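Trainee: Could we go through this structure together? I would like to start with the helices and then turn to the sheet.
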Amino acid sequence: MSYKSKPLPLTFACAATESKLFPHDSGNEIALCGRSNSGKSTLINALANQKKLAKTSNTPGRTQSINFFHLENDEAKKIVDLPGFGYAKASKQDQNAWARLIMSYLEKRAALSDLILIMDMRHPFQNKDLEFLSLCNSLNLPIHLVLTKADKLNNKETQNTLKVVSEKMADYPAIVDSLVFSATKKIGLETLLNKIKLLLEV
Ligand SMILES: Nc1nc2c(ncn2[C@@H]2O[C@H](COP(=O)(O)OP(=O)(O)OP(=O)(O)O)[C@@H](O)[C@H]2O)c(=O)[nH]1
Ligand SMILES: [Mg+2]
């Protein structure tokens with residue numbers, strides 16, 4: 001029998017709609033970012049092997065606050081679910097408020113060590129992703145790219161997408177690695193769990 005990584009024992013800590021509601025800025029934190037509906041909340045549930053820890057939805061723009069989850073046995077180690085960017089149907093005012101909230105977190109958070117950028121593997125490097133990547137330029141944070149919903153692509157599409165992605169990655173040195181992932185089929189889950197455990201020093 002092959003060895004399987006244990007899920008991350010995550011528990012919900014708090015939902016912050018403004019920066020004064022962020023939990024104490026200490027310890028070690030990894031944040032998940034990506035376009036609205038890319039699969040961030042679903043990925044958190046997959047990491048924890050839970051169904052409803054992070055709210056998921058078919059409706060883009062569901063996660064509207066910054067949601068903090070910490071390890072059950074160590075509150076100082078956190079995974080953070082950021083609201084998705086680029087939800088076209090949201091009002092300009094809402095989109096600006098979300099962008100301000102996300103940037104206030106990304107720019108000031110001392111505990112934040114790494115970003116995991118989620119892209120729907122069927123639509124990688126969309127304009128909104130490029131805008132986000134340019135916002136990240138000044139942050140000096142390593143970005144780990146996760147290409148999710150891999151279950152939606154056949155082998156040939158996967159290979160073609162990986163070629164495009166590796167070319168694009170060359171333009172963004174902040175992206176330090178990439179991983180093919182599917183929450184539905186648990187593709188890449190083991191690798192991602194191991195990577196996050198290393199980063200969080202679990
Ligand atoms: N087939 C498939 N569907 C997925 C996968 N991951 C997420 N989804 C679906 O994609 C939709 C959006 O997922 P969410 O996890 O809510 O996306 P999100 O990035 O958190 O969205 P926002 O909170 O709006 O930013 C849901 O219908 C999920 O079931 C996957 O690996 N495979
Ligand atoms: Mg979400």
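Trainee: How many buried residues does α4 have?
Mentor: The count is 0 among its 15 residues, so α4 is hardly covered; a residue is buried if 20 or more other C-beta atoms lie within 10 Å of its own, exposed if 12 or fewer, and partly exposed in between, with C-beta atoms placed from the backbone. Please note that this is a predicted model, in which local features need pLDDT of at least 70 and side-chain atom pairs count only at pLDDT 80 or more, while totals for chains, interfaces and linings use all residues. Residues are numbered from 1 along each chain as its sequence is written, and chains are lettered from A and ligands numbered from 1 in the order in which they are written.

Trainee: What span should α4 have?
Mentor: At 1.5 Å a residue, the 15 residues of α4 (155–169) should span 21 Å, and its end C-alpha atoms are 21 Å apart, which agrees. The expected span is 1.5 Å times one less than the number of residues. Helices (H or I, at least four residues) and strands (E, at least two) are DSSP runs, numbered from the N terminus.

Trainee: Which residues of α5 are buried?
Mentor: L189, L192, L193 and L200 are the buried residues of α5. Seen down the helix axis, they fall within an arc of 100°, so they line one face of α5; the arc is that of the directions from the helix axis to the C-beta atoms. The face turned away from this buried side carries the exposed residues N194 and L198.

Trainee: What covers those buried residues?
Mentor: The cover includes β2, α1 (40–48), β4, β6 and β7, where two residues are in contact if their C-beta atoms, placed from the backbone, lie within 7 Å. Helix α5 (189–200) lies across β2 (28–34), β4 (74–81), β5 (112–120), β6 (143–148) and β7, and runs at about 140° to β2. Axes are lines fitted to C-alpha atoms, for helices over the stretch in contact, and angles run from 0 to 180 degrees between N-to-C directions.

Trainee: And what comes just after α5?
Mentor: E201 follows the helix there, with a positive phi of about 55°.

Trainee: Now the sheet. In what order do the strands lie?
Mentor: The sheet is open and has 7 strands in the order β1-β3-β4-β2-β5-β6-β7, with mixed pairing; two strands pair if DSSP finds at least two bridges between them. β1 (10–16) and β7 (175–180) stand at the edges, each with a single partner strand, so one side of each is left without a neighbour in the sheet. On average, neighbouring strands are turned by 25° against each other, direction ignored.

Trainee: How is β3 paired?
Mentor: β3 (66–71) is antiparallel to β1, with 6 bridges joining the two, and L10 has L71 as its bridge partner in β3. With β4, the pairing is antiparallel over 5 bridges, and F68 stands opposite V80. β3 and β4 form a hairpin with 2 residues between them.

Trainee: Is β6 enclosed or open?
Mentor: β6 is largely enclosed by the rest of the structure, because 6 of its 6 residues are buried. On one side these are I143, L145 and L147, and on the other H144, V146 and T148. β5 and β6 run parallel, joined by 6 bridges, and D120 stands opposite T148.

Trainee: Which residues touch the most other members of the largest nonpolar core?
Mentor: Of its 42 residues, these are L10, L32, L43, I44, L47, L117 and V146. A nonpolar core is a set of buried Ala, Val, Leu, Ile, Met, Phe, Trp, Tyr and Cys residues joined through C-beta atoms within 7 Å. Elements giving two or more residues to this core are β2, α1, β3, β4, α2 (92–108), β5, β6 and α5. Leaving out residues up to four places away in sequence, L43 touches L32, I118, V146, T148 and A183.

Trainee: Where is L53, and is it buried or exposed?
Mentor: L53 is in the loop between α1 and β3, and it is buried, with 21 other C-beta atoms within 10 Å. Setting aside neighbours within four places in sequence, L53 is in contact with L10, F12, I44, N45, A48 and F69. L53 and L10 are 43 residues apart along the chain, and their C-alpha atoms are separated by 8.2 Å.
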